[in-house]
Amino acid sequence: MSCDIAVIGLGVMGRNIALNMADQGHKVAVYNRSQGKVDLMMEQVTDNQTVVALEDIRELQLQLQAPRKVLLMLTAGAAVDAVIENLLQALEPGDIIIDGGNSNFHDTQRRWESLKQKGMLFVGAGISGGEDGARYGPSIMPGGDKAAWPLIKPLLQSIAAKTDDGEVCCQWVGEGGAGHYVKMIHNGIEYGDMQLIVESWQLMQVIGFNEQQIADAFRNWNEGVLQSYLIEITADILQQKDDDGVLRVHRILDSAGQKGTGRWTAIDSLELGAPLTLISEAVYARVLSAYKDERVKAAKKLAVTREAFTGELDSVLANTQDALYASKIISYTQGFMQMRLAAKEYGWNLEYGNIALLWRAGCIIRSLFLTDIKQAFESNPDLESLMMDDFFAEALQRSEQGWRAICSLGIQQVVPMPAMNAALIFYDGYRTETLPANLLQAQRDYFGAHTYHRIDKPDNESFHTRWTGDGIEEKV
Ligand code: 6PG
């Protein structure tokens, strides 16, 4: 049997990607260290699919057509290095290894460099869409060795999601770790979108909407500018009840998990100097949620008092939609700002309109809104900030009043809304011509002689004031 590709790692994502490939007529070899997962996979294979289970990784050598293509669907980290090491026994120069897991882009960059030395083509492909996406069409963000792209493009594009206009959500992203970087930003944005939704939900509960009104609000929002997979699943979740009629979500422990991609996005923002405030707040919100025991104690000792809300629920509903929309614009603005910085720092030529297209279908953050982002970057590929695009600038202006009202309401009603507030604060900061950083610079110069620039002198001139002495300013 001469297979087109091998999939190694048959967890939920690996198994479903392999079945998706087999559906598309590809002959797939599969391997998993534990036999149980292989058996589970083989039970799902139908007569019109060709899937061959390997007992040993070394069988790849004979079972695959050259150049061999191997897709790793493993937990990020040491397991990927270990399997690559084993694969080197079975593969030859010119063969292709694709890492389809959520690897850290630094690791992908390192593996790409080291496999290049050995003549192997390494691709780090971000894959998004969860179980269903993997099975019926995920968004795929491949990057790494570009020589591999023509060889894997037909196969990867055949299993990827397509937009309603028939565009494929799988395009080459860039060299080295670029594919995994873009997937990391996708996940960061996913964290931000989710946090914005849960903040809105909590505010609506506190001010007195009933369960049905809240579920209906999410359903209605999904018909408008907020149309997205995450809003849609939220509406579904908010209908699900336990047998006693209590919403299932109220029985779920309010301590959020995280596998690391959101944290990596925030860490890289600090490394690059990108103002990724909203996503970082979303990461911290998950972190704080995990302090459950301390929060329970604090809720008693530092008890919240709030006055009953007496305003109009209808206007809160409209304002919340505006606040969600505007905050989402800020979140994507920040994510794309970071990708611009990363492209410069890591030497990638990222195409932002294309990235928006990759996220248009199949992935977790898929939404209508991404069509407008694609449009913005198509009309100006060098757009510094999404907020400066006319369409988004107007949308922000239109939403501002409602957005501000919701942030104020959250503060009055003691509802922690870190992501939504971070968004508004960033918006205000970005459009403030003079920030108080002048005083901050003076403070730095005062205690540490760190010097400052003057607005009335050329940028390359630095000054220091002898603040505690005669107050004389020196050019340094
Ligand atoms: C996707 C998701 C996926 C991610 C999970 C869990 O695009 O399909 O982003 O890659 O692993 O959503 O992420 P956390 O455990 O960090 O929430």
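Between which helix and which strand does the loop with Pro67 lie?

## Backbone features

Pro67 belongs to the loop that runs between helix 3 (60-63) and strand 4 (69-72); helices (H or I, at least four residues) and strands (E, at least two) are DSSP runs numbered from the N terminus. The peptide bond from Ala66 to Pro67 is cis, and its omega is near -10°.

Ala449 is not a glycine, yet its phi is positive, about 50°. Ala449 is found in the loop between helix 19 (437-448) and strand 9 (463-465).

## Basis of the model

This is a predicted model, in which local features need pLDDT of at least 70 and side-chain atom pairs count only at pLDDT 80 or more, while totals for chains, interfaces and linings use all residues. Residues are numbered from 1 along each chain as its sequence is written, and side-chain values use heavy atoms, with hydrogens and water left out.

## Ligand shell

The ligand is surrounded by 13 residues, and the closest are Ser128, Lys183, Glu190, Tyr191 and Arg286; a residue counts if one of its heavy atoms lies within 4 Å of the ligand. Helix 8 (residues 178-207) supplies the largest share of this shell, five residues. Domain 1 (5-176) and domain 2 (184-430) each contribute at least three residues to the shell, with domain bounds taken from an automatic or database assignment.

By class, the shell holds two nonpolar, seven polar and four charged residues. Here Ala, Val, Leu, Ile, Met, Phe, Trp, Tyr, Cys and Pro count as nonpolar, Asp, Glu, Lys and Arg as charged, and the others, Gly among them, as polar.
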